[in-house]
Amino acid sequence: MLLKTFEVKKEWVDYNNHMNMSYYVLVFDQAWEVALEKFKMGGTAAKDLNRSTMVVETNTKYLNEVKEGEMVNVNLTYFDHDKKRLHFKMEMISQKTNKLSASMEWISLYIDLSKRKVTEFEEEKIKIMKDFIEQNKSKFSTEGLLFTSKLKK
């Protein structure tokens, strides 16, 4: 499921003439923000509700180069949660080659920013996520996931 499309900017390219690894993380993070806003856990929730998420573990694979000016799609390929954690995976696909350029799997915790402590999702957010999973589960794949044992269901 497409989250966001990006054009590889000149400032993202390193001396090897391809996108520097740090910008892969930036692209994945900005794409994930699209989903977080749908789940009412993104920047708006941080400002208005003092609740947000924080990443605690990632696994990134860099599989094919992308170069300046290339367009890449970031797709959400897996999503699940428990009472306090999000588990998801995204893939970056080059529009030019249609090849998988990179993937990133994450575990994030839900945080009460006023206490800087992990907290449980509100019922409204659990319903939003449950509905999202139900509508999109046929598009998700568990292939190659490393963090499935991290959720406490």
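Visitor: Hi! Where is Asn75 placed?
Guide: Asn75 sits in strand β3. Helices (H or I, at least four residues) and strands (E, at least two) are DSSP runs, numbered from the N terminus. This is a predicted model, where local features need pLDDT of at least 70, side-chain atom pairs count only at pLDDT 80 or more, and totals for chains, interfaces and linings use all residues. Residues are numbered from 1 along each chain as its sequence is written, and side-chain values use heavy atoms, with hydrogens and water left out.

Visitor: Thanks. Is Asn75 buried or exposed?
Guide: Asn75 counts as buried, because its relative accessibility is 18%. Buried means under 20% relative accessible area, exposed over 50% and partly exposed in between (1.4 Å probe, protein chains only).

Visitor: And what is Asn75 in contact with, leaving aside neighbours within four places in sequence?
Guide: Its partners are Met1, Leu2, Leu3, Lys89, Met90, Glu91 and Ile93. Contact means heavy atoms within 4.5 Å.

Visitor: Let's switch to α1. How many residues has that helix?
Guide: Helix α1 has 18 residues, 21-38. From first C-alpha to last it reaches 27 Å, close to the 26 Å expected at 1.5 Å a residue. That expected span is 1.5 Å times one less than the number of residues.

Visitor: Which α1 residues are buried?
Guide: Tyr24, Val27, Phe28, Ala31, Trp32, Ala35 and Leu36. What covers them includes the strands β1 (2-7), β2 (51-62), β3 (71-81), β4 (85-94) and β5 (100-112).

Visitor: What follows α1?
Guide: Lys40 does, with a positive phi near 60°.

Visitor: Now the aromatics. How many pairs are there?
Guide: The count comes to 13 aromatic pairs. Rings of Phe, Tyr and Trp (its six-membered ring) pair if their centres lie within 6.5 Å; planes under 30 degrees apart count as stacked, over 60 as edge-to-face and the rest as tilted. One of them is Tyr24 with Tyr62, edge-to-face because the planes are at 80°, with the centres 5.0 Å apart.

Visitor: Which parts does that pair tie together?
Guide: Tyr24 lies in helix α1 and Tyr62 in strand β2, so the pair links parts that are 38 residues apart in sequence. Tyr24 is buried at 5% relative accessibility, whereas Tyr62 is partly exposed at 39%.

Visitor: What about Phe132 and Phe140?
Guide: Their ring centres are 6.2 Å apart and the planes are at 40°, so that pair is tilted. Phe132 is buried at 8%, and Phe140 is buried at 16%.

Visitor: Which residues form the aromatic cluster with them?
Guide: Trp32, Phe39, Tyr78, Phe79, Phe88 and Trp106 form one cluster with Phe132 and Phe140.
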